[in-house]
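Keep the viewer open as you read.

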Amino acid sequence: MTLLLNILVDGVAYGMVLFVMAVGLSITLGLMKFVNLSHGAFAMAGGYGVAVLVGSHGWNFWAALLVALIATGVFGAALEALILRHLYRRPELQQVLFTIGLTFFLVATANAIFGPQVRSIPLPASLSGSVDLGFRTLPTQRVFVLLAGVAAAALLTWIIARTRFGIWIRASVDHADAASGLGIPIRLVQCLSFGAGAALAGLGGVLGAELMPLEPYYPLKYLVLMLVVVAVGGMGSIPGSLCTALVLGTVDTASKYLVSEWGSLLFFVAMGLLLAWRPRGILTR
Amino acid sequence: MTTTSPAAAATEITPPRARAMPPPWRLPLATIAAAFVASLLWPDQLGLVGRIATTALLVLSLDLLVGYAGIATLGQAALFGVGAYGAGLFAQQVHGDPLLGLLVAAAAGACLAAASGAFLLRFEGFTLLMLTIAFAQILLSLASTFRGLTGGDDGLSDFTITPILGLWEFDLEGRVGAIYAVTVLAAGLYLSRRVANSPFGLSIRGIHESRARMAALGTPVRKRLIGIYALSGMLAGVSGAITAQINGIVGLDSLGFPLSAEALVMLVLGGAGNLSGSVIGASVFTLLHHTAASIDPYHWLFVIGIALMAVVLFPPAAMAQKVWARVRGTRNTTP
């Protein structure tokens, strides 16, 4: 029973991290039909930002988190506005090549700036303790990850469902040309959602720093994980990404607890089955 | 732009131009000649020549899929790795003859490709891309799980390869290995060209340009695609086998995602859809890698990253055309 609960808590926390990291990529794919393989670099940027501000400059964790997320978002939006938007009309293969090249470049840059060793994010006192739930105790960090994931999912769902900007996004995902013909500022929608996706990925990088240690090869190492979540969840589908991330996160955690010698075999088998079952997204028939 | 789904965009990879087909022996002979000249110029770099030839064979196998059939895949390492492990295990358990090992690896690659293709090729575009990644990752997990058979992280290395035809033994200098790899590459190029020019190859190109039209014409589309996938698997398996036989070790990286991605990069660098691009791309990439990585592995990432972005922003073929047009233009204006 304890084992089951452990698997569930860790799996859901892992799934939340995956969701926060991948949801920006999913929106980018749905909105711009742009295959961005450098998305992991944003997660790395957010993580390194907090690690450096807190670890080397002694900032307060929350202030550092805020600044790092805003900086990552601005970096993503600038990248989109200056370079990536010119590639939206290119064939898929060229987008893949360009963003792989960009990832290689950023990996080398991260190594030049931060060095090849693993950086850890020092947690503030408010997050390093543990919470007593009555029937068992949980590390506060894990609770924070869960809450942050739920908050991000709720915020995104609210924006997409209730705000004017969300209507713009949905219209642009369905048919970009028609949406821009109706006067929706499509460039603004694309640029802002790209920046927001980058900032969320940065948050994922900070939240997941314990599970996925920060190092220069980070964007390449966890790229496949993010792509899997997006592909199985269906491009542009936020609930789909959330579902997929939770299912796959739990499957992966369970296989690490129960049959650790199989590595990530079960993860990819689950992915293959889900994709074969619903090739257009887990919630799309 | 929005009407082109990613799946449709994937098929927009420059289709092979309809022009007079080059004779099948030209590219293999040119490759052999180039390898000969290279080994005369740099006699101490024979190992590098062998490595370029095996890499070119892998990229060639990918060209048949991406360039000819329009199948986007990032899982070619699965076929390469199966060939490598197949040849290594065959030498370890059964017999050390390299040519027999090649046959075994070719069969292993082709069978695995046909079996996986029967499932994978029901999908297209981004879904297919992801499924090929997953397939390669599943094989990688299996290989690292069954370490009793594959050696796990340490690699499979306790096998010996007997001399080719009982005459030429693989030497440390890499001379025999280079000749062996270049010969097999030439044979692979010849076979690929013959296949590409055959009615089967033409139907593959037709499928690349329009699946619906070929299906309407009565071509068994799925069967043809599985056929080319099996052929590609055979060549990839052979490439893996040569790597295993020359190096005497098979590591888990032969099944890894970076290998698939690098092969695709080489293909696009050299130009997809005309077979010669695989040789050019593999040579350029491997030479760049060799030079840059000998300084510092991270320098290599800098170089290849910038090269990739530059190739996309300023495509070499289009640039060459522009330069050529300008040269021609000036020639026309100056009588």
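How far does helix α3 of chain B reach from its first C-alpha to its last? In this predicted model, that helix covers residues 46–69, and its 24 residues reach 34 Å, close to the 34 Å expected at 1.5 Å a residue. Within α3(B) there is also a kink of about 35°, centred on B:D63. Is the helix mostly covered or mostly open? Mostly covered: 22 of the 24 residues of α3(B) are buried. After α3(B) comes B:G70, which has a positive phi, near 70°.

Now turn to chain A as a whole. Its secondary structure consists of 13 helices and 2 strands. The radius of gyration of chain A is 19 Å, close to the 19 Å that the globule rule gives for 285 residues, so chain A is as compact as a globular protein of that length. The table gathers some overall values for this chain.

| Property of chain A | Value |
|---|---|
| Span of the C-alpha trace along its principal axes | about 55 × 45 × 35 Å |
| Buried residues, out of 285 residues | 54% |
| Contacts joining residues at least 24 apart, among those between residues at least 6 apart in sequence | 76% |

Next comes the place where the two chains meet. Chain A brings 36 residues to the contact and chain B brings 35 residues. On the side of chain A that touches chain B, at least two residues come from each of α4 (92–114), α8 (176–181), α11 (223–233) and α13 (265–277). Which of these helices gives the most? That is α4(A), with 13 residues. By residue type, the side of chain A that touches chain B divides into 24 nonpolar, 7 polar and 5 charged residues.

Finally, have a look at one proline. A:P122 sits in the loop between α4 and α5 (125–128) of chain A. Is A:P122 buried or exposed? It is exposed, because 12 other C-beta atoms lie within 10 Å of its own, and a residue counts as exposed at 12 or fewer. Leaving aside residues up to four places away in sequence, A:P122 touches A:V54 and A:G55. The C-alpha atom of A:P122 is also separated by 7.0 Å from that of A:A51, although the two residues are 71 residues apart along the chain.

How values were computed:
Residues are numbered from 1 along each chain as its sequence is written. Chains are lettered from A and ligands numbered from 1 in the order in which they are written. This is a predicted model: local features need pLDDT of at least 70, side-chain atom pairs count only at pLDDT 80 or more; totals for chains, interfaces and linings use all residues. Helices (H or I, at least four residues) and strands (E, at least two) are DSSP runs, numbered from the N terminus. The radius of gyration is taken over C-alpha atoms; the globule rule is 2.2 Å times the number of residues to the power 0.38. A residue is buried if 20 or more other C-beta atoms lie within 10 Å of its own, exposed if 12 or fewer, and partly exposed in between; C-beta atoms are placed from the backbone. Two residues are in contact if their C-beta atoms, placed from the backbone, lie within 7 Å. Ala, Val, Leu, Ile, Met, Phe, Trp, Tyr, Cys and Pro count as nonpolar, Asp, Glu, Lys and Arg as charged, and the others, Gly among them, as polar. The expected span of a helix is 1.5 Å times one less than its number of residues. The bend at a residue is the angle between axes fitted to the seven residues ending there and the seven starting there.
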